[in-house]
Amino acid sequence: MSTTPAPEDLRRFLDVATEAAMAGGAVLQKYWGNLSSVQEKGRSGDLVTEADRASEVDVLNVIKRHFPDHAILAEESGQLGQRDNRFLWAIDPLDGTTNYAHQYPLCAVSIGLLVAGVPTVGVVYNPILNDLYRAAKGLGATHNRQPMQVSATAQLSDSLLVTGFAYDRRETSDNNYAEFCHLTHLTQGVRRGGSASIDLAHVACGCLDGYWERGLSPWDLAAGAVLVEEAGGQLSAYDGSPFDIYSGRLVATNGPLHQLIVQELAKVQPLPQFKPA
Ligand code: IPD
Ligand code: CA
Ligand code: CA
């Protein structure tokens, strides 16, 4: 039996996700450049601000008003409702907090809907650059309401990739430094965007050709995963096996580059623990 809801239901979920993303985005616009509180959440570098919290309140109000029976997994509030609910909204009210706190304009509200565990609807909204990315399973993907698709780049030597480094990077040798060096040598470059949902949106709209990262959470990935698949791209685990949103790591590409990136990641050995002089 298909887990995908009917198209009219998908369109409603997409509209509500967009309304919620816009509500969160308005909060992020209000606090942009006006933060009075930037705190570390416990791990060095993992920041939270009053904008993260206020955005989440407004996003959750929209989702709860329309779908009081659905479950929610939101970065600042945690799990609300049962995890085994057929409908689970995975919400990051501000993805790219470090960028936001520095007024570096790559950040987003990221709203994904998992249906029976499958990422099915995704909205990523950058309220600073006013970029809106939307997709729903089987309905395609759009950027600012125009159809978007992944790039056609087929050679690593022609590609521009993006990755990221998780907050535990100082505590583990599995910190992506070796992978970054390896793929930087083989490509035209590897960017570090600082917002996983925007990184995925950029693969989906074709300005980047591929992305990999570890140490992520479902709210970082749910919406962007739908964008990439619906824009014609491919998702998997690092070893090419099926993408698992709870594993915290993924490879997301335009398709032609997928196996090439998976093969190169498999060759990488961790660097010795990096200790700055
Ligand atoms: C972070 C961003 C970043 C990624 C981190 C995430 P946050 O989310 O997506 O690009 O490298 O692993 O935690 O903390 O800004 O919501
Ligand atoms: Ca995030
Ligand atoms: Ca966040």
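Contact here means heavy atoms within 4.5 Å. This is a predicted model, where local features need pLDDT of at least 70, side-chain atom pairs count only at pLDDT 80 or more, and totals for chains, interfaces and linings use all residues. Residues are numbered from 1 along each chain as its sequence is written, chains are lettered from A and ligands numbered from 1 in the order in which they are written, and side-chain values use heavy atoms, with hydrogens and water left out.

**Around E50**

- Leaving aside residues up to four places away in sequence, E50 touches Y31, N34, L35, S36 and S37.
- With S36, the side chain of E50 makes a polar contact of 2.8 Å (a pair of N or O atoms within 3.5 Å, one able to donate a hydrogen and the other to accept it; residues adjacent in sequence count only if both atoms are side-chain atoms).
- E50 is buried but has no salt bridge, and R53, the nearest side chain of opposite charge, sits 6.8 Å away.
- Buried is under 20% relative accessible area with a 1.4 Å probe, protein chains only, and a salt bridge is a side-chain nitrogen of Lys or Arg within 4 Å of a carboxyl oxygen of Asp or Glu.

- Strand β11 (residues 160-163) runs parallel to β12, joined by 4 bridges; strands pair if DSSP finds at least two.
- T163 stands opposite R192 in β12.

Note on methods: Buried means under 20% relative accessible area, exposed over 50%, partly exposed in between (1.4 Å probe, protein chains only). Lys and Arg count as positive and Asp and Glu as negative; His and the chain ends are not counted. Helices (H or I, at least four residues) and strands (E, at least two) are DSSP runs, numbered from the N terminus.
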